[in-house]
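Please consult the sequence and the structure shown here before reading on.

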Amino acid sequence: MTLYVQAIVNGLLVGGVYSLMALGLSLIFGVMRVINFAHGDMMVWGMYLSYWLFVAAGVDPYLSILVTGSAIFLLGAVIQRGLVNRILEAPHEMQILLMLGVALVLENAALMAWGPDPRRVNTSYGLSTFWLGPVVFDLPRVATFAVALVLALGLYLFLRRTELGRMIRAASDNRIGALLVGTDILKVFTLAFGIGAACVGAAGSLMTPFLPFSPSTGIFFTVTSFNIVIIGGMGSLLGAFVGGLLVGVSESLGAVILVPSLKEIVSFILLILILLFRPQGLLRSSR
Amino acid sequence: MLRLGLGAVSGAALLILPFWIPSTWQNLLITTFYYAYLGQAWNILGGYAGQLSLGHAAFFAIGAYTSAVLASQYGLSPWLGMFVGAGLAALLSLGIGYLGFRFGLRGFYFILLTLAAAEICRLIALHLPILGGYTGLFINFTPNPWQFQFQGKIPYYFIALGFLCLACGIVWLVQRSKLGSYLVAIREDEDASEALGVNTFRYKMIAYALSAALTAPGGTFYAYFQFYLQPNTVLHINHSVDIMIRPIVGGMGTILGPVLGSFLLELLGEFSRTYFAAGVAGLNVVIYGVLLIIVVLFLPRGVYPTLVHWLRQRPGDSR
Amino acid sequence: MSLLTLAGVTKFFGGLRAVHRVSFQLSEGEMLGLIGPNGAGKTTLFHMISGFLRPDAGTVTYAGKPLVGLRPHDICQRGMVRTFQVARPFLRLSVLENVVVGALERVTHRREAVAIAGEVLELTGLAEKAGSMGQSLTLPDRKRLELARALATGPRVLLLDEVMAGLNPTETGRLIDLIRAVHGRGITVLLIEHVMKAVMALSQRVLVLNYGELIAEGPPAEVVRDRKVIEAYLGEDSAGPET
Ligand SMILES: Nc1ncnc2c1ncn2[C@@H]1O[C@H](COP(=O)(O)OP(=O)(O)OP(=O)(O)O)[C@@H](O)[C@H]1O
Ligand SMILES: [Mg+2]
């Protein structure tokens, strides 16, 4: 029993940062209808930046999210302006091909810079834990969860309360409509892509204290983000958030019930079930 | 007439070429043919029927593992095991297709379904003891043609070329048949096709099964060309991408697209490998990625259709 | 002898009652008009007859067999084919190829289908456009192509959804002649039309749909004098509903 409670707790803790990662993907998709196949690779770049700041200057990953968030924001904005913006009306396969090209560049640029061996950020508190009843909490995971939650909340408030955020939501709800009321659509697109990238970049930094990573890690996070976003509902931010927690928990339970190396199978099966029976996602009403 | 002559000359060239070129070039051509073959198989579903699959690695792996396991466990020749693999791949594709098409998944949703199915296959394959788990499966080399094993590169060259010609022939036949007309109609507009009496579900299933069945022998070839299979390579998403990318670059829904795409990407890959790989690992793939991006931005219809368009326009162009 | 019979056919979209208890019969060889203001439910009715939508209630019977639950291609294969209000040519296929797809419903071999398509293109006046791509066609040609593809399937019943919309008077006149010719070949026609000239010229009998309900039925000359019909159309003008 404790085993399962423990698994659920761990799943939720990781799920928080999954949510942040998927929020980024969902935002980009919602506004531009483009699937970011380079999502996980952007995340890996966030991880390496944090790693580098930690090794070179001793900056704690929880602090360096400010830097990585901004850096990956810029990266996203540049990718949107230079590339994505030019293929918004292109057929599906060409959009995918473009983003795959970006993913290849990002992944292998990381390979050039840091080599293929897994890295990890060894903070002083990396192995600290505390107990709450029979359940053990892993300090970095708790901190990551808390920060991810704060960031997600910040994003929510930004989208709800600010003029810019309102414009982004309007574009996401209705692209043509936003165009008609004279929104500076290019600005909104660039901003949305940048913010989406910043989310996943920050999520990357937040994972470094407990997760080893290498350039080839990216694709798995890309796929996990896809899973979450479909499960929650394409373009739905709340869906991405809940979906992240759900996938976190289901993988963590899957690791206990099956074997750890099979944990993703649970979320893939979940994905297929959602695709078949509730393609609009758990948290979106149809149409 | 010109085309016929051109065809005859290039055909003859392809037949004598392998005897004159160094083994690295032989390798390059074998890989080109082999990926063109896989791309052609993918093309039936993706290019003609318009259903993009990001999970063809699964069918590939079924072809590879089925023939390898049948050969090692039961001594069945891969030449026969290949057909068993094709049958199993078709069965799996019918399963995935049934789910996807019955439930009306289109576009990105279908892509994700295929990707998820392939990933599930990868995770399962990693845990099947008979496939060697993370260590992978080694195939013992016995230079026995009946066991699909050959000394030197030249037999592989001709087999790959033969496979490719066969696939192109099949697609050519498809293109000239009712099946082909229906597939492109479905690609263009499913509802309009239904209204005109096309059983879209059935034809998509046929396209999927044919595509999967053709992909599997590619896996058999790979198994006996590499003599080593590992789920994280043959079933990796990147491998599905490798299969899909060539027809997209070359031009989907055309016979020459996958072939041209494969030649180009192999050349680009080789070019970036020889000129940039010496220094830093990864640089060649970065270059490759940049080139892909350039293709999308400047040849968005694929290389072959763009080429045809140019050739048609130029002579009559008065400007 | 009734070829197509609708009884109590009803469709809701959420709370919106798009079609409500519609019943009528279409006889073999008839040319029946279906008119009504924008949003009356005409297209929705076609969707239900042709298998694209399932009625929430009611039955559709064709040639003595119930149709509800059949998929659109089944219905086409039984000889009833529909066109789309917004023409949907296969954009990246040639005009000939577009029609071949329709013709393949009757024959298995492409060679025969091409022959049929050629005849249909001749009949519909698209012959010299045979090599053009679907996407390069003008609106009138798209409408013709829509009709040509449907004809190529060799239908017994043709369901035409506003094939005249957006055409100029000359084009309309030519299309009226074409539809009359098609009808002359023994094909039963049910046509939705806003262009009154076409309805008056073509239909032997007219049904009027308003807010999803049939409000009038009869010969065209009588129906246009019907008070309810006039109100329905006038109401449309003064209230100015969605276009
Ligand atoms: N898929 C749908 N979902 C929700 N509402 C729909 C849908 N299709 C049609 N409607 C609504 O149902 C009503 C009937 O629409 P329909 O298209 O059948 O009208 P119509 O008579 O063909 O109009 P028009 O003359 O403009 O073509 C309209 O109010 C329309 O907005
Ligand atoms: Mg209508």
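About 1,300 Å² is buried between domain 1 of chain C and domain 2 of chain C, and carbon and sulfur atoms give 70% of that area; buried area is the accessible area (1.4 Å probe) that two parts lose on being put together, summed over both. The model is predicted: local features need pLDDT of at least 70, side-chain atom pairs count only at pLDDT 80 or more, and totals for chains, interfaces and linings use all residues, while side-chain values use heavy atoms, with hydrogens and water left out. Residues are numbered from 1 along each chain as its sequence is written, and chains are lettered from A and ligands numbered from 1 in the order in which they are written.

**Domains of chain C**

- Domain 1 of chain C covers 2–79 + 155–238 and domain 2 covers 88–153, with bounds that come from an automatic or database domain assignment.
- The C-alpha centres of these two domains of chain C are 24 Å apart.
- Domain 1 of chain C brings 18 residues into contact with 11 residues of domain 2 of chain C, where contact means heavy atoms within 4.5 Å.
- The rule finds 1 salt bridge across this domain interface of chain C, a salt bridge being a side-chain nitrogen of Lys or Arg within 4 Å of a carboxyl oxygen of Asp or Glu.
- A salt bridge joins the side chains of Arg144(C) and Glu171(C) (3.8 Å, N to O).
- On the side of domain 1 of chain C that touches domain 2, two or more residues each come from helix 2 (72–77), strand 7 (157–161) and helix 6 (169–184) of chain C; helices (H or I, at least four residues) and strands (E, at least two) are DSSP runs, numbered from the N terminus.
- Helix 6 of chain C gives the largest share of that side, 6 residues.
- That side of domain 1 of chain C consists of 12 nonpolar, 2 polar and 4 charged residues; Ala, Val, Leu, Ile, Met, Phe, Trp, Tyr, Cys and Pro count as nonpolar, Asp, Glu, Lys and Arg as charged, and the others, Gly among them, as polar.

**Interface of chains B and C**

- Chain B contributes 23 residues to the contact and chain C contributes 26 residues.
- The area buried between chain B and chain C is about 1,900 Å², with 59% from carbon and sulfur atoms.
- Within chain B, Lys178(B), Glu188(B) and Leu196(B) lose the most area to chain C, together 32% of what that side buries.
- Between chain B and chain C the rule finds 4 salt bridges.
- Glu188(B) and Arg92(C) meet through their side chains in a salt bridge (3.0 Å, N to O).
- Helix 7 (178–188), helix 8 (190–195) and helix 9 (200–226) of chain B each supply at least two residues of the side that touches chain C.
- Helix 7 of chain B provides the largest share of that side, 7 residues.
- The side of chain B that touches chain C comprises 8 nonpolar, 7 polar and 8 charged residues.

**Surroundings of ligand 1**

- Ligand 1 is surrounded by 14 residues (a heavy atom within 4 Å), and the closest are Gly39(C), Lys42(C), Thr43(C), Thr44(C) and Gln85(C).
- A backbone N or O atom of Gly41(C) is 2.9 Å from an oxygen atom of ligand 1.
- A polar side-chain atom of Lys42(C) lies 2.8 Å from an oxygen atom of ligand 1.
- An N or O atom in the side chain of Thr43(C) is 2.6 Å from an oxygen atom of ligand 1.

**Chain pairs**

- Among the 2 pairs of chains that touch, chains A and B have the most contacts.
- Chain A and chain C are not joined by any contact, and their closest C-alpha atoms lie 11 Å apart.

Notes:
Polar contact = N/O pair within 3.5 Å; in protein donor to acceptor, adjacent residues only side chain to side chain.
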